[in-house]
Amino acid sequence: MAGNTLGTLFKVTTFGESHGAALGCVIDGCPAGIDIDESFIKLEMERRKPGARQKKADGSLAFNAAVTSRSEEDSVEILSGVFEGKSTGTPIAMLIRNTSQISKDYSNIKDKFRPGHADYTFFQKYGIRDYRGGGRSSGRETCARVAAGAIAKMFLKKHGINITAYTERAAGISIQNIDLTQIENNFMRAPDNNAATKMLEKIEDLRKEGNSTGGIISCIIKGVPAGLGEPVFNKCDALLAKAILSIGAVKGIEFGNGFMSADSTGKDNNDAMRIQNGSVHFETNNAGGILGGISNGNDIFFRLAVKPVPSIYIKQETLDTSYSECDILIEGRHDVCLCPRIVPVVEAMSALVIADLYLCNQTSKSTSIK
């Protein structure tokens, strides 16, 4: 199986399956001397990890209707590459052990293809598949990405780059306000607590029906200097799109004005440039912070579409591995809406791409207006 490595200089390889012994990653190319805060890695893993009983902002536990009841500690064991709290420049290996897999939940569907899942395509490609939760195609695989992304975030923090993603829309309900301080104060990771409450009410109704829903995630990357991106095939937006679309549930992405630019005019869509306090200033950010595949110094902004969770508790029509028509009823523990748990994954994948491009840019000769 190819395709498990991302990056050119800051290179990450992930491994593991949903119901295997463990998942993990190896980061090759992380510069030496980066402060590695294990408590920060733990916090990032907490944001992604499963478990319907989750902490509220006040520290108390409450039921989160959106997420699976599978409870994993997602503790990260750093095996190499870190000494006395700093990266050594050697490969950083991290391991996350599975502790709460219940494989028998999938025994009744081991010979059936789940609609909306990768069961059929994996079987066609490899002639074999891990039916226990989807194996490598499971969303559980993203825990290794978040662990690697935490290291990338620590590298970027040293250079003044910050990444924030949030739920913009879920279950057909959109945010009405943007207050980034509210993102971690509600279970939907939305910058609007009132909208988050309405989202959860709708999601609770869908959970009772055995159904699921999708949504839209937005992401802002601040502090990116002009010049990141390697045309023509490793453009900043192209690599971000590849990384984000590699997340299993993501079905679309747009930068800046995105698809709305198709109905705009050049006069309206172009971002006018001025000099402000001796630096380049863009009057608008319709380009989403990227021009010609290279960051322009503006905030990088993109949004992505997340499909409904395919594992639903409703009888569906499908085929079995002998290609006979049959029905399927999926059991086990599954999310109802992936948005809140995908938020940290989006941040992690963005951090990995920007960290790699930052290092790549050190090999380029460039001049910039200050």
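1. In which loop is the place of valine 232? Valine 232 sits in the loop between β12 and α5. The peptide bond that leads from proline 231 to valine 232 is cis, with omega near 10 degrees. Helices (H or I, at least four residues) and strands (E, at least two) are DSSP runs, numbered from the N terminus.

2. Basis of the note. This is a predicted model, in which local features need pLDDT of at least 70 and side-chain atom pairs count only at pLDDT 80 or more, while totals for chains, interfaces and linings use all residues. Residues are numbered from 1 along each chain as its sequence is written, and side-chain values use heavy atoms, with hydrogens and water left out.

3. The sheet containing β12. An open sheet of 5 strands has the order β11-β10-β12-β18-β13, with antiparallel pairing; two strands pair if DSSP finds at least two bridges between them. The edges are formed by β11 (173-174) and β13 (250-255), each of which has a single partner strand, so one side of each is left without a neighbour in the sheet. Strand β12 (residues 215-222) runs antiparallel to β18 (residues 300-306), and 7 bridges join them.

4. Helix α5. Helix α5 (residues 236-245) lies across β12, β13 and β18 and runs at about 160 degrees to β13. Axes are lines fitted to C-alpha atoms, for helices over the stretch in contact, and angles run from 0 to 180 degrees between N-to-C directions. The buried residues in α5 are Cys236, Leu239, Leu240, Ala241, Ala243 and Ile244. Buried means under 20% relative accessible area, exposed over 50%, and partly exposed in between (1.4 Å probe, protein chains only). These buried residues of α5 pack against α3, β12, β13, β16 (290-291), β18 and α7 (339-361), where contact means heavy atoms within 4.5 Å.

5. Helix α3 against α1. Helix α1 (residues 38-48) and helix α3 (residues 142-157) pack at an angle of about 140 degrees, and their axes are 9 Å apart. That angle makes α1 oblique to α3: angles under 35 degrees count as roughly parallel, over 145 as roughly antiparallel, 65 to 115 as roughly perpendicular and the rest as oblique. The residues of this contact of α1 with α3 comprise 9 nonpolar, 1 polar and 4 charged. Here Ala, Val, Leu, Ile, Met, Phe, Trp, Tyr, Cys and Pro count as nonpolar, Asp, Glu, Lys and Arg as charged, and the others, Gly among them, as polar.

6. Helix α3 against α7. The axes of α3 and α7 are 7 Å apart, at an angle of about 50 degrees. The two helices α3 and α7 are therefore oblique to each other. The contact of α3 with α7 divides into 15 nonpolar, 2 polar and 3 charged residues.

7. Strand β9. Of the 6 residues of strand β9 (residues 92-97), 5 are buried, so β9 is largely enclosed by the rest of the structure. Strand β3 (residues 22-28) is joined to β9 by 6 bridges and runs antiparallel to it, with leucine 23 facing isoleucine 96 as bridge partner. Strand β6 (residues 76-80) also pairs with β9 in the antiparallel sense, over 4 bridges; serine 80 has alanine 93 as its bridge partner in β9.

8. Strand β19 (residues 316-319) and β20 pair in the antiparallel sense over 4 bridges. Strand β20 (residues 325-328) has Cys326 and Ile328 on a covered face and Glu325 and Asp327 on an uncovered one. In general, the side chains of a regular strand alternate between the two faces of the sheet. Among the 5 residues between the strands of this hairpin, tyrosine 323 takes a positive phi near 65 degrees.

9. Positive phi elsewhere. Glutamate 84 has phi near 50 degrees and lies in the loop between β7 (82-83) and β8 (86-87). Arginine 189, also not a glycine, has a positive phi of about 50 degrees and is found in the loop between β11 and α4. Glutamate 84 counts as exposed at 70% relative accessibility, whereas arginine 189 counts as buried at 11%.
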